[in-house]
Amino acid sequence: MNNKCSNEEKCNCECEDKVNCECGCEEQAEQKTEAVGSDDKFLRLAADFENFKKRTKVEKEALYGLSVCETVGKLLPIFDDLERALAAADEDSAVKKGVEQVLIKADSVLKSMNIEAFGAPGEEFDANYHEAVMQTASDEYKGGQIASVFQKGYKMTTNDKVIRYAKVSVVAE
Amino acid sequence: MSKIIGIDLGTTNSCVAVMEGGEPVVIANAEGARTTPSVVAFSKTGERMVGQVAKRQAITNPDRTVISIKRDMGSSRKVAIDGTDYTPEMISSMVLQKLKADAEAYLGEKVTEAVITVPAYFSDAQRQATKNAGTIAGLDVKRIINEPTAAALAYGVDKETEQKVMVYDLGGGTFDVSILDIGDGVFEVLSTSGNNRLGGDDFDERIINYLAAEFKKENGIDLKNDKMALQRLKEAAEKAKIELSGMMSTNVNLPFITADATGPKHLDITLNRAKFNELTADLVEATMIPVRKAMDDAGLRPENIDKVLLVGGSSRIPAVQEALRKFIDKEPHKGINPDECVAVGAAIQAGILGGDVTGLVLLDVTPLSLGVETYGGVFTKIIDRNTTIPAKKSQIFTTAADNQTSVEVHVLQGERPMAADNKTLGRFNLDGIPPAPKQVPQIEVTFDIDANGIVNVYAKDKGTNKEQHITITASTNMSKEEVEAAVAEAEKYAAEDTKRKEAVEIRNNADQVIYQCEKSMNDMGDKLSADEKAPVQAQIDKLKETLKGDNTDAIKADTEALQQAFYKIAEKIYAQTQQNPGDPNAAGVDPTADNGGADYTVVDDDNN
């Protein structure tokens, strides 16, 4: 291996002939580079960790709310079906009354969790809350308004976070 | 230090990832989703929308909504919206801008550089257009890499020996297959093929048709004519497809799907995987045609392919994986989320360019727990297994007997609660502890493991600062099998061991109670009459006798009895304390306190 010092000025050995000496200054230089490299790795990792901590804290705080939204979202189709059952039930039947009561209970549970339904014909279509699944003509409503609701939307009233977007048909312009 | 992000700019969906602590992390967008639809739209009032919100209004606003712009990249085709002409680069830049903003929100710092992926078959013009889109979005595109290459990076294939890899990418609406030759960090594309109008939606369609047909057979109603019903069918079909990737059958349950003169109608159909495969067999075969073509173009036979990597959501479909397995006669690789692996690969490339070392801190872990033996032969863990090292942890112990002047630190490794069942790593003594009543001295035991797995154990008497220590090498030198065996053994004997440990603890507690009672009575001296002391002494003697045997239940019962007897004179003792607050011997003696005994005992948990 060539141990010749590559930088005469920086070489700190005592040899008179700095060009041909074999003091291994290059080795020292290599070690120094390695040390600087390790330092850099460390700083990057330290920075990553700091950022990770900050972000994890925020994520943790948000986690409960997100879990609730996800769980409620999975149960919503059941509420949808209950509403369909209500619509299909015979007038004045005991079963209809019963289903009505079930739905009232469902509504009250959701309300207690600060969740409310939204989406009704006649409202202005707003992509922040609604998903358009089709366009249609309408005598009753104007262009850009919701013609009918295929599936109600649900959102948190506390922070306006949408749990499920409403699926709607929109009146064509 | 700003980070370079990795972006998968897809036809239907895009995804962004970044290296963090040596690992690629997919960044969720502002809405919380890990992929963002590659859709751009302008409202009537000129307001710009990108992503999910743009997709939601697409049907109402087809003239101002742009989808699949990737198909036009590199061409001179412009999109005219409200009098303004947009080039494909400009539209793509809007998607990139959103991804950039989401990344900045996640990282908490500005992002100015990126690596973006493109299909392997993209021409120079198409690649340049992609780079331009980045520039318009305010990103310095450090590199454009091929999507199959990114997938290979995500799977770590580049770190292995030279091999021929097929990347099978069945995504939202397009299918791409590429054959790569990977070796020495060089990725050579041997051939590509595909079908850019074939994707997951086609599979959904088959299920919809099947459900509608079955329903019609039974009820005479065609659900496809009912818009509401059709919408529910679409959702149910996609859900069923996804479920069938993990289960052998699924039930499509849609009550009140429609109604006729006879009343409401319900759809309740069970779809099994075999039926689904039958319904989609031609689609799967349609993907195998480009696969064979790519092989032919590369001049390879199935046995020449070393690996198949799966990319794209629809590659999750079992029939697809089965067809590939049959063709290549090997199991396709699917360890990484197929919707995200291209972005992950881009992030890895970004990390390499940015100087982040991947797999950086080859952090080792201590494979088995480390600790010391405490009173009664119990193993007290100080460092849990799988703790990332370097690590340092301390705990304070104390003496078990009055006037104990030395403690033995017996260092062990293992998972069993009793010291004798674990492996001894070393022992040493700490002498010169000044004589004192038991549980008074504070001995701090520190375990310090360096990055090489060398363990230094220190014991320091906090009163005198006298310290002893030993160095143990090779504590991490265990084979995977040895570690698994130790853990399995601990699980196997868990019930027994718990019982044994409990028995020891009951013993220790008994000792403790005897000690406290005797001490209290001695301290009170003449202030207690012989009649008062007698019952307590009798219980003490009984318990001492019982402790000679092994009957844990008896020990427990006798300890209880002693405590009960002691309570009778406790009142008097506490009353005395009130009168003589300065009497150190009467200070706070609680015979019911559980101090866990000790050759030395655990007094405090001092986390470093």
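Is B:Gln126 buried or exposed?

1. B:Gln126 is buried, at a relative accessible area of 17%; buried means under 20%, exposed over 50% and partly exposed in between, with a 1.4 Å probe and protein chains only. The residue is found in helix α3 (residues 124–136) of chain B; helices (H or I, at least four residues) and strands (E, at least two) are DSSP runs numbered from the N terminus. Leaving aside neighbours within four places in sequence, B:Gln126 is in contact with B:Met73, B:Gly74 and B:Tyr121, where contact means heavy atoms within 4.5 Å.

2. Basis of the values. This is a predicted model, in which local features need pLDDT of at least 70 and side-chain atom pairs count only at pLDDT 80 or more, while totals for chains, interfaces and linings use all residues. Residues are numbered from 1 along each chain as its sequence is written, chains are lettered from A and ligands numbered from 1 in the order in which they are written, and side-chain values use heavy atoms, with hydrogens and water left out.

3. Chain A. Two helices and six strands make up its secondary structure elements, in the order α-α-β-β-β-β-β-β along the sequence. Of its 173 residues, 30% count as buried. Among contacts in chain A with a separation of 6 or more, 54% come from residues 24 or more positions apart. Chain A exposes about 11500 Å², of which carbon and sulfur atoms supply 53%; accessible areas come from the Shrake-Rupley method with a 1.4 Å probe, and for residues only the protein chains shown count as cover.

4. Nonpolar cores. The largest nonpolar core has 48 residues, and the members that touch the most others are B:Met166, B:Tyr168, B:Ile179, B:Leu233, B:Leu267, B:Val291 and B:Ile305. Helix α7 (residues 273–298) of chain B gives the most to this core, with nine residues. Apart from it lies another core, of 34 residues, including B:Val16, B:Val40, B:Val118 and B:Ile144. A nonpolar core is a set of buried Ala, Val, Leu, Ile, Met, Phe, Trp, Tyr and Cys residues joined through side-chain atoms within 4.5 Å. In soluble globular proteins, nonpolar side chains tend to be buried together.

5. B:Thr258. This residue belongs to strand β15 (residues 249–260) of chain B and counts as buried at 13% relative accessibility. Residues up to four places away aside, B:Thr258 touches B:Phe215, B:Ile221, B:Leu223, B:Asp226, B:Pro264 and B:Lys265. With B:Asp226 there is a side-chain to side-chain polar contact of 3.3 Å. A polar contact is a pair of N or O atoms within 3.5 Å; within protein, one must be able to donate a hydrogen and the other to accept it, and residues adjacent in sequence count only if both atoms are side-chain atoms.

6. Aromatic rings. Five aromatic pairs are found over all chains. The ring centres of B:Phe42 and B:Tyr86 are 5.0 Å apart and the planes lie at 20°, so this pair is stacked. Rings of Phe, Tyr and Trp (its six-membered ring) pair if their centres lie within 6.5 Å; planes under 30 degrees apart count as stacked, over 60 as edge-to-face and the rest as tilted. The pair links distant parts of the chain, 44 residues apart: B:Phe42 is in strand β5 (residues 39–42) and B:Tyr86 in strand β9 (residues 84–86), both of chain B. B:Phe42 is buried at 7% relative accessible area, and B:Tyr86 is buried at 12%.

7. Charges over rings. The charged end of B:Lys438 sits over the ring of B:Tyr515, 4.0 Å from its centre. The criterion is NZ of Lys or CZ of Arg within 6 Å of the ring centre and within 35 degrees of the ring normal.

8. Two arginines. B:Arg34, in the loop between β3 (23–26) and β4 (36–37) of chain B, is partly exposed at 43% relative accessibility. Its side chain makes a polar contact of 2.7 Å with the side chain of B:Glu340. B:Arg416 lies in the loop between β23 (407–413) and β24 (423–430) of chain B and is buried, at 7%. A polar contact of 2.5 Å joins the side chains of B:Arg416 and B:Asp497.
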